[in-house]
Amino acid sequence: MKNNILNILVFLFFSTLSSADELDIKAKKINIDKKTKTTIFENEVVVKDQFNNSFNADYVLYNRKSNFLELKGNIISKDSNGNIFRASKATYDNNEKIFKSFGESSFETIEGYKIETKDITIDNKNTFIGSNEETFITDIDGNEIYLENFEYFKQKNIFKSIGSIKIVDKFNNSYNFTQIYIDEKKKEIIGSDAKLYIND
């Protein structure tokens, strides 16, 4: 009987949370603090927002007053475009619709590009992803791309970067650029100020 009452209370809480803040949060363990207006979710936490983005984590702290999430442990996020992100620490501002990872992070695009970097920012309002940290990309042809930073526009499937850029192709030829533009759909790489080093 007690378990049934607890399930009803939890269901009512989530119904209110989902409709008021456009978030749907589920977890096996929940701790609600009325004084601080925070809720801690633990064990198989799943969060979904209005854009159909999902976040899985071991731990989520939700502040109802600021409409802000702190996520920790085995974070896997999938956006509405099908890109998949992984990190161990992140935040999500539900007002601004901005997801930020901290430390080592990675993601794989729907087109199969694999990116390893740090401190990713995902702006869901403007469909933009970026990082100012060193980034390593592997494309579907096996080219290795080394960047100082990147911007990725989700709707157009386009990467941009300015700085010291190096590409090593599958034949071990090396190309250096100061600016690069990668179109995933067209499978096209355009760079400026190119230097080519051919492998003998």
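**Antiparallel hairpins and model confidence**

Ile180 stands opposite Gly191 of strand β17. The structure is a predicted model, in which local features require pLDDT of at least 70 and side-chain atom pairs count only at pLDDT 80 or more, whereas totals for chains, interfaces and linings use all residues. Residues are numbered from 1 along each chain as its sequence is written, and side-chain values use heavy atoms, with hydrogens and water left out.

Strand β16 (residues 174-183) pairs with β17 (residues 188-192) in the antiparallel sense over five bridges; pairing requires at least two bridges found by DSSP between two strands. Helices (H or I, at least four residues) and strands (E, at least two) are DSSP runs, numbered from the N terminus. Four residues separate β16 from β17 in their hairpin, and Lys187 in the turn has a positive phi of about 55°.

Strand β4 (residues 54-63) is antiparallel to β3 (residues 38-48), with nine bridges, and to β5 (residues 68-78), with eight bridges. Within β4, Phe55 lies opposite Val47, and Ser54 lies opposite Lys78 of β5. The hairpin of β3 and β4 has five residues between the strands, with Asn52 at a positive phi near 70°.

The protein chain has a mean pLDDT of 86, with 86% of its residues at 70 or more; pLDDT is the predictor's confidence in each residue, from 0 to 100. Confidence is lowest in helix α1 (residues 2-21), at a mean of 44, and highest in strand β9 (residues 114-118), at 97. Over residues 1-9, pLDDT stays under 50 and the model has zero contacts beyond four places in sequence, a contact being heavy atoms within 4.5 Å. Residues 11-20 also stay under 50, with 15 such contacts.
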